[in-house]
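Here is a short report on a protein chain. Look at the whole chain and at two of its residues.

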Amino acid sequence: EKSLLHHLEEDFIKEIKKDIKKIQLSDHSNTRPEHSTFNNSSANIFLKTFDTFEKIRRSILNIQEKLFLISQTEESIFEKIKDRFIDIFPQVEDLRIAPTESEDDDFSNINKEYLLIQIKEKGVDKWVLQNRISSGMLRSLFHISELYLSPEGTLFLIDEFENSLGINCIDELTADILQSRRSLQFILTSHHPYIINAISFNNWKLVTRNKGIVKTHKASELNLGKSKHDAFMQLIQLEEYQTGSETT
């Protein structure tokens, strides 16, 4: 709102402003719900506004808000997301988005009407609130949800994809991304061998830096082997891969 784009009124500028507002910065390591606009009082308004699956998909709501709306309006889609989450974390038996039912010191300064992600673990009586769910579990839930709830043509930029994820999460989420049949594009940065090896080397970009100049290199430029195994083994032995720098 401090840029010239905010003040110019030409039609083509309006389209640019509209598209810029679609860009979302997501911190999936944040387990607190302050960023959510949903509570018991406002939920009904949003449910009336976003009353179809496509409206929810195309909205600029964050993924947690979309997940709540789907849980209320498209139970079959919510069940698919929940079932996939439980596949990855079999100790979980249920998932919901609801207000907290008990006092929690960590939420003492937060309106009790906030709609929180909660999980029910096998053999545990109480629901586990969002602030006590591990960042890896939350990230997994959000990434699974994004595959279902993002509009066609969405581009994801995910830095250090493996952060906070255990090996079971990395395997499963990488597979889900690769197997998705929707028109979504993912640009991931990673040093993790499983992620690199799971993705075709035709899609690799090795990023290097020389002082202030950043470059990307295709696998074909690095003279890597033609088989996936040979290419990966050669990649990790490159000085550019090990140091991230380029001397020439």
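Buried means under 20% relative accessible area, exposed means over 50%, and partly exposed lies in between (1.4 Å probe, protein chains only). Arginine 209 counts as exposed because its relative accessibility is 53%. This is a predicted model, where local features need pLDDT of at least 70, side-chain atom pairs count only at pLDDT 80 or more, and totals for chains, interfaces and linings use all residues. Residues are numbered from 1 along each chain as its sequence is written, and side-chain values use heavy atoms, with hydrogens and water left out.

**Two residues**

Helices (H or I, at least four residues) and strands (E, at least two) are DSSP runs, numbered from the N terminus. Contact means heavy atoms within 4.5 Å.

Arginine 209 and glutamate 246 are 37 residues apart along the chain. Their C-alpha atoms are separated by 5.7 Å.

**The whole chain**

The protein chain has eleven helices and seven strands. It has 248 residues, and 41% of them count as buried. Take the contacts between residues at least 6 apart in sequence: 63% join residues at least 24 apart. The accessible surface comes to about 15,000 Å² (Shrake-Rupley method, 1.4 Å probe). Carbon and sulfur atoms hold 51% of that surface.
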